[in-house]
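Trainee: I am new to this structure and would like to go through it with you step by step.
Mentor: Then let us look at it together and take your questions in turn.

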Amino acid sequence: MATMESLIGLVNRIQRACTVLGDYGGADNNAFSSLWEALPSVAVVGGQSSGKSSVLESIVGRDFLPRGSGIVTRRPLVLQLHQVEGDAQDYAEFLHMPGRKLTDFALVRKEIQDETDRLTGKTKQISPVPIHLSIYSPKVVNLTLVDLPGLTKVAVEGQQESIVQDIENMVRSYIEKPNCIILAISPANQDIATSDAIKIAREVDPSGERTFGVLTKLDLMDKGTNALDVLEGRSYRLQHPWVGIVNRSQADINRNVDMIFSRRKEREYFATSPEYGHLAHKMGSEYLAKLLSQYLESVIRAQIPSIISLINKTIEELEAEMDRIGRPISMDAGAQLYTILDLCRAFERIFKEHLDGGRAGGDRIYNVFDNQLPAALRKLPFDRHLSLQNVKKVVSEADGYQPHLIAPEQGYRRLIEGALSYFRGPAEASVDAVHYVLKELVRKSIAETEELKRFPTLQAELAAATNEALERFREESKKATLRLVDMESSYLTVEFFRKLPQEVERAGNPPNSANPPSSTKSANPAAPDGDRYAAPNVDRYGEGHFRRIGSNVLSYIGMVSDTLKNTIPKAVVYCQVREAKLALLNRFYVQMGKKEAEQLLNLLDEDPALMERRKQCAKRLELYKAARDEIDSVSWAR
């Protein structure tokens, strides 16, 4: 059967471990702080000088909290009490001083004061950043208590005007949580209707189900008065019984009266009091500690299923996180090489997904062929190259001193070769455009490969190797595409020109006429006898003639443009995209196989921040698995 101590102790250990590992961030919650919030704790709430510190010290049985007038508690103090077996000496540990055990509780008081001053300065300002303190003793019960700054109504000199609201907001941030037990401290020598603690507790817990009322300073009430109406629930009823406390007097504190004597004196007060004698068994700091422990036990029992569920969920998240971060690197060279190759294959899978459409990016290559290349071809300056003036100039220069007789073949060739040279620009531009798309996809793929993020050196090497490979592919692709253009220049499509209409037809001789030209009379009766059988006079050097030449060349260039619009993408894909898919890291793999173990280890040099992240993640995982096993091993009492 699980004892109360084992249940609360288990929760306390989990809370302590969460604190040590940083899972509880106070005002700065992180991904795992929900586990802390799922575990019950006790927040001590009260007005300034209501006796909060004395109540805490009575529960602990040690004098360890700073004292003074006005606002003394200026930062939340998360106090975890751990019950230890045997007669071990009491000691305390601060989270910000790991491994240092303080057995002198005067030093604990001083460190609380100094740690507060380190953050807030020697002022009366407050801070929401908590101080974490654990106390180990055989005389305490397992509890987690949070001592909060005392509520106040006005700002005093040296404090900001907003401090009243700041303190209230800080207190609310703790007590609004549904698993927080509210220990509402009210002085008995003040009207309960004016209690700051009861007022704020009622706002966040109107039913009073998780509020425990504590009356302090019962021994300081005016003679002839008592607090029975409050203690017996007639003035203000709570779901749980009110508990009266008699704190040490200032004279006892000044004389350093120990807590053991103080507790005995408290018991005697209630036992001999004519007003409270019948309630003595339900009064005092010892009873309050037991009452809180019993309630915590019932809360924990009710919440065990949800706590287990939350722990299991957190374990799954941590294991997924460990998978993303990756396991520690082996010192074996073969294992290191395998790790590098495995990381590279993961990168290649993502890169191919970008190309093949599983991820965005590959469509940009198609856009180069479908939009950019046709647009570049349309913008080529053929209108200037085939202007009437330039056609005359090129044809005349090609003829030399002997004008062409029928068709200016050399002029045609020069015009066509000049026009075809313009295709080199779009061909090279297509290669470059695809190259930049591939480079960007490589960059994105490296960034999206989660496994690579832990190895910045390997990322840099991989990026350099892929860029070098892409440069090689680009050079090969440029050679291939420019060859396509040069092939068009090296041999013209003769059939195209054979299909062009004859420039010169014999006069009066239809194309299908069988009569020889000598038997056909001139169609021009006015022609001289010497020209009766001559062909009509065709001006081979008129504008119409040169316009037809330009038009014929433009038609041929259009045919070539349509061809290159289809063949350039084929060459680019074959030389760049296909090679990037099949052989992007081939040379890199060869280089990796030649590296020594030390060089491989240097490539797997992790980011120190990531190594620390893995270490913390592993600690959390160990914590939650241990907590789950411990909970599972307990046979709960029915």
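Trainee: Is Ser 53 buried or exposed?
Mentor: A word on the source first: this is a predicted model, in which local features need pLDDT of at least 70 and side-chain atom pairs count only at pLDDT 80 or more, while totals for chains, interfaces and linings use all residues. Residues are numbered from 1 along each chain as its sequence is written, and side-chain values use heavy atoms, with hydrogens and water left out. Buried means under 20% relative accessible area, exposed over 50% and partly exposed in between, with a 1.4 Å probe and protein chains only. Because the relative accessible area of Ser 53 is 15%, Ser 53 is buried.

Trainee: Which helix holds Ser 53, and which residues does Ser 53 touch beyond those up to four places away in sequence?
Mentor: Helices (H or I, at least four residues) and strands (E, at least two) are DSSP runs, numbered from the N terminus, and Ser 53 lies in helix H3. Contact means heavy atoms within 4.5 Å. Leaving out residues up to four places away in sequence, Ser 53 touches Leu 65, Pro 66, Thr 73 and Asp 147.

Trainee: Which element gives the most to the lining of the second largest pocket?
Mentor: On a 1 Å grid over the protein atoms alone, a pocket is an open set of points with protein on both sides within 12 Å along at least five of seven lines, a cavity is a set where a 1.4 Å probe fits but cannot get out, and lining residues have an atom within 4 Å of a point. The second largest pocket has 24 lining residues, with Ser 49, Gly 51, Ser 54, Arg 67 and Lys 217 nearest its centre. Two or more lining residues come from each of helix H3 (52-60) and helix H8 (250-254). The most, three residues, is given by H3.

Trainee: What is the volume of the largest cavity?
Mentor: A search of the whole structure finds three cavities of 30 Å³ or more. Grid points are joined across faces, edges and corners, and a volume is the space filled by probe spheres set on the points. For the largest cavity, that volume is about 120 Å³.

Trainee: Which residues lie closest to the centre of the largest cavity?
Mentor: Helix H4 (residues 105-120) supplies the largest share of the lining of this cavity, three residues. Of the 13 lining residues, the closest to the centre are Pro 66, Val 72, Thr 73, Arg 74 and Ile 112.

Trainee: Why does His 354 count as buried, and how far apart in space are His 354 and Lys 444?
Mentor: His 354 is placed in helix H11 (residues 333-356), and His 354 is buried because its relative accessible area is 1%. Among the residues that His 354 touches, not counting those up to four places away in sequence, are Leu 441, Lys 444 and Glu 448. His 354 and Lys 444 are 90 residues apart in sequence, and their C-alpha to C-alpha separation in space is 9.1 Å.
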